[in-house]
Amino acid sequence: MAGLAAEWLLAAASLLLRLGLAQGQQDGEWSTIVSFNVGLPSETFPPAFYEERRKALLASLNSTGSEATAGIAGSFENPVWKNADVVCLQEIFAQDVRQDVVALAGQAGFGHNYSVGALEASPLDGAAAACSLMFLREAQGCANSTCSLTLQDDPSALLLCFLTDCRSHVEATTQTCINCLITNGFNAQKCAHPGTNAYPTNLGLLLLSKKRILHSSLRAYEEKTALIRRGYLRADIQDLGTVFCTHMFPSLDGVTAAAAINLEQMRQLVAAAAGHNSIIVGDLNTGPAIPSADVVESFPDSYAYARSQGFQSLYPEAAEASCTFCMTNPILMASSTPYNSSILDHILINKQVFRADTPKRVFVEDVTSASGEIGLRIPLSDHYGVQVRIASSAPIIMLPVHALVIASIAVTTLLFV
């Protein structure tokens, strides 16, 4: 009898295991991933048409006519939000904008989200100023002598010059102090005052998901002092994989180390993503040249490194691939800074792990009118977004809980029969 019982239990366990494996061997379901740099970085140095675009971004999510944005910019339905399962947004620094986006995204079906308020305590608790008076005196002295500029001339140019040409001073202070100077326009009086907000220590990243986020975490790129701190959000998402949402260091005039900084960030990001069913999403500020589309390469070593490690960007390979950061974008055309057209925004996958379909550029429509510019219509951002549908291409072994329990009982019982 004991032998028959053992045989029965073994057969039952084997059947349940086969059923579980059969279920697990189905290809993963399709998920639509979107990356979008919304271009709302700072109210201290606001980009062109900041307020109009902020209102339009909220209205694009407000397809239900929610009172949350009543009277701001109306509401219109953008199909990108409807079709997307996971969205990585960059350059949402203001807390009120982030809160409005999260609230409206929740109504649009994004029941899960992850962001971070700050990498350091902010605003300061009043116990200390962001910067010491001694540092600020030395910093202003260096900036005035090296940059030949004053706050009255051009505060943003003075700040950038200081951060790039007075590196010894920058490296001698804290990230909180640097971010306070960035936030407050190099206003030394404010940053020497206890309680001044050192606000942009956050990453400006927001991850929205219609699928359950199982686990999430934040990691800053390892660098002593940055112009604005960069890093990534990591989220394990049910029925998808691990998403890394990031915004990497850009090309800046006068910052000769920019390419090396971007490459080091790419190395850190790829190392973190290796060994997982990982998807890297965001404004990576790197991309290939596509001469036929007048697309200029950006930090090619970073892009080549990601490919050498098995991570492939899908959109640049599309037949209709074009720039995501375009010199013809009305927002960039309003700037005095000359830009090249590049593909900076990406969704990177390992093609041995995922299969992909229909990569395309999104958020390309001119959706709102520019104040003070008669007849000028503008898009939501100085970047266009990218969208890709992906699914697991390898079997995912996921045994049902009841199969695991019964099989375990069976095996345990066999040990004592």
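In which loop is the place of Phe49? Phe49 sits in the loop between β1 (31-40) and α2.

## Basis of the description

This is a predicted model, in which local features need pLDDT of at least 70 and side-chain atom pairs count only at pLDDT 80 or more, while totals for chains, interfaces and linings use all residues. Residues are numbered from 1 along each chain as its sequence is written, and side-chain values use heavy atoms, with hydrogens and water left out.

Helices (H or I, at least four residues) and strands (E, at least two) are DSSP runs, numbered from the N terminus.

## Residues with positive phi

Most residues other than glycine have a negative phi. Phe49 is not a glycine, yet its phi is positive, at about 60°. Phe49 is buried, with a relative accessible area of 13%; buried means under 20% relative accessible area, exposed over 50%, and partly exposed in between (1.4 Å probe, protein chains only).

Thr358, likewise a residue other than glycine, has a positive phi near 50°. Thr358 belongs to strand β11 (residues 354-362) and counts as partly exposed, at 39% relative accessibility.

Strands β8 (residues 278-283) and β10 (residues 345-349) run antiparallel and are joined by four bridges. Within this pair, Ile280 stands opposite Leu348 of β10. Axes are lines fitted to C-alpha atoms, for helices over the stretch in contact, and angles run from 0 to 180 degrees between N-to-C directions.

## Nonpolar cores

A nonpolar core is a set of buried Ala, Val, Leu, Ile, Met, Phe, Trp, Tyr and Cys residues joined through side-chain atoms within 4.5 Å. The largest such core has 34 residues, of which Leu207, Ile237, Leu240, Val243, Ile279 and Ile390 touch the most other members. At least two residues of this core come from each of β2 (86-92), β6, β7, β8, β10 and β14 (385-392). A second, separate core of 27 residues includes Leu61, Val87, Ile92 and Val97.

Contact means heavy atoms within 4.5 Å. Residues up to four places away in sequence not being counted, Ile237 touches Val86, Leu207, Ser209, Lys211, Arg212, Ile213 and Val243.

## Helix packing

Helix α2 (residues 50-61) and helix α4 (residues 95-107) have axes that come within 8 Å and cross at roughly 20°. The two helices, α2 and α4, are therefore roughly parallel to each other; angles under 35 degrees count as roughly parallel, over 145 as roughly antiparallel, 65 to 115 as roughly perpendicular and the rest as oblique. From α2, Tyr50, Arg54, Leu57, Leu58 and Leu61 meet Val97, Asp100, Val101, Leu104 and Ala105 of α4.

Helices α10 and α11 (residues 300-308) pack at an angle of about 15°, their axes being 8 Å apart. These helices, α10 and α11, are therefore also roughly parallel to each other. On the α10 side the contact is made by Ala259, Asn262, Leu263, Met266, Arg267 and Val270, and on the α11 side by Asp301, Ser302, Tyr305 and Ala306.

Gln387 lies in strand β14 and counts as buried at 6% relative accessibility. Neighbours within four places in sequence aside, Gln387 is in contact with Thr32, Ile33, Val34, Val80, Ile347, Thr358, Pro359, Lys360 and Val362. Among these residues, Thr32 has its place in strand β1 and is buried, with a relative accessible area of 7%. The contacts of Thr32, not counting residues up to four places away in sequence, are Asn83, Ala84, Asp85, Val86, Gln387, Val388 and Arg389.

Ile347 is found in strand β10 and is buried, with a relative accessible area of 3%. Beyond residues up to four places away in sequence, Ile347 touches residues including Ile33, Ile279, Ile280, Val281, Gln312, Leu314, Val386 and Gln387. Ile347 and Asp283 are 64 residues apart along the chain, and their C-alpha atoms are separated by 9.1 Å.

Notes:
Pairing = 2+ DSSP bridges.
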